[in-house]
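Please open the structure in your viewer and keep the selection tool at hand. The tour goes from one selection to the next and says what is there at each stop.

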Amino acid sequence: MTISSDELADRALHQGVRVRSADIGHLHGLYDDDARCITLHVCLTDYQKRSTLAHEISHATWRDRPTRDRHEHERRERRADADAARTLIHPVDYARAEALVGSDPGALAVELDVSKWVILAWQREARHGRAWTRAQETDAERR
């Protein structure tokens with residue numbers, strides 16, 4: 001089941017975070033903790049908007065602020081990517097998509113209606129054996 005951009009925006013609002021659109025240059029999105037605001041680039045497609053919004057909601061949840069520490073910044077970005085993947089892709093849906101189109105990240109992104117980086121984050125987390133990726137076996141048995 002795909003979560004919509006509107007549902008994601010409602011989640012942000014529930015956290016006290018406003019979502020707006022603007023021309024923000026080369027960025028797809030950004031989170032400003034002082035303003036408690038997520039800005040999405042005005043020209044995003046729906047799948048880009050959903051993917052970016054899920055990523056930025058993670059930053060808002062963790063109250064991320066800018067840092068000059070490159071390693072800390074990269075750690076936060078990996079965490080936000082993983083949170084977005086977990087939000088947007090259910091393990092059973094991933095397994096079904098992979099059965100249909102194989103494991104190519106581009107093909108899976110199209111099938112699951114997310115940005116390719118979301119698939120790459122999902123696959124990275126799965127390789128690390130995160131508990132949320134192992135749920136597919138349990139959920140598949142229930143269905």
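**First stop: H4 and H5**

Begin by selecting Asp-93, Tyr-94, Ala-97, Glu-98, Leu-100 and Val-101 in H4, which meet Ala-107, Leu-108, Glu-111 and Leu-112 in H5, where contact means heavy atoms within 4.5 Å. By class, this contact of H4 with H5 has seven nonpolar, no polar and three charged residues; here Ala, Val, Leu, Ile, Met, Phe, Trp, Tyr, Cys and Pro count as nonpolar, Asp, Glu, Lys and Arg as charged, and the others, Gly among them, as polar. This is a predicted model, in which local features need pLDDT of at least 70 and side-chain atom pairs count only at pLDDT 80 or more, while totals for chains, interfaces and linings use all residues. Residues are numbered from 1 along each chain as its sequence is written, and side-chain values use heavy atoms, with hydrogens and water left out.

Now show helix H4 (residues 91-101) whole: its axis and that of H5 come within 10 Å and cross at roughly 120°, the axes being lines fitted to C-alpha atoms over the stretch in contact, with angles from 0 to 180 degrees between N-to-C directions. H4 and H5 are therefore oblique to each other, since angles under 35 degrees count as roughly parallel, over 145 as roughly antiparallel, 65 to 115 as roughly perpendicular and the rest as oblique. Helices (H or I, at least four residues) and strands (E, at least two) are DSSP runs, numbered from the N terminus.

**Second stop: H5 and H6**

Next select helix H5 (residues 105-112) together with helix H6 (residues 116-127), whose axes come within 8 Å and cross at roughly 110°. H5 and H6 are therefore roughly perpendicular to each other. On the H5 side, the contact is made by Pro-105, Gly-106, Leu-108, Ala-109 and Leu-112, and on the H6 side by Lys-116, Ile-119, Leu-120 and Gln-123. Six of these contact residues are nonpolar, two are polar and one is charged.

Move on to H2 and H3, which pack at an angle of about 125° with their axes 8 Å apart. H2 and H3 are therefore oblique to each other. Among the residues in this contact are Arg-50 and His-59 of H2, and Glu-77 and Leu-88 of H3. The contact of H2 with H3 has four nonpolar, five polar and six charged residues.

**Last stop: the largest pocket**

Which residues lie nearest the centre of the largest pocket? They are Tyr-31, Glu-56, His-59, His-73 and Glu-77, out of 21 lining residues. Strand S2 (29-32), helix H2 (46-61) and helix H3 (70-88) each supply at least two residues of this lining, which has five nonpolar, seven polar and nine charged residues.

A pocket is found on a 1 Å grid over the protein atoms alone, as an open set of points where a 1.4 Å probe fits, with protein on both sides within 12 Å along at least five of seven lines; lining residues have an atom within 4 Å of a point.
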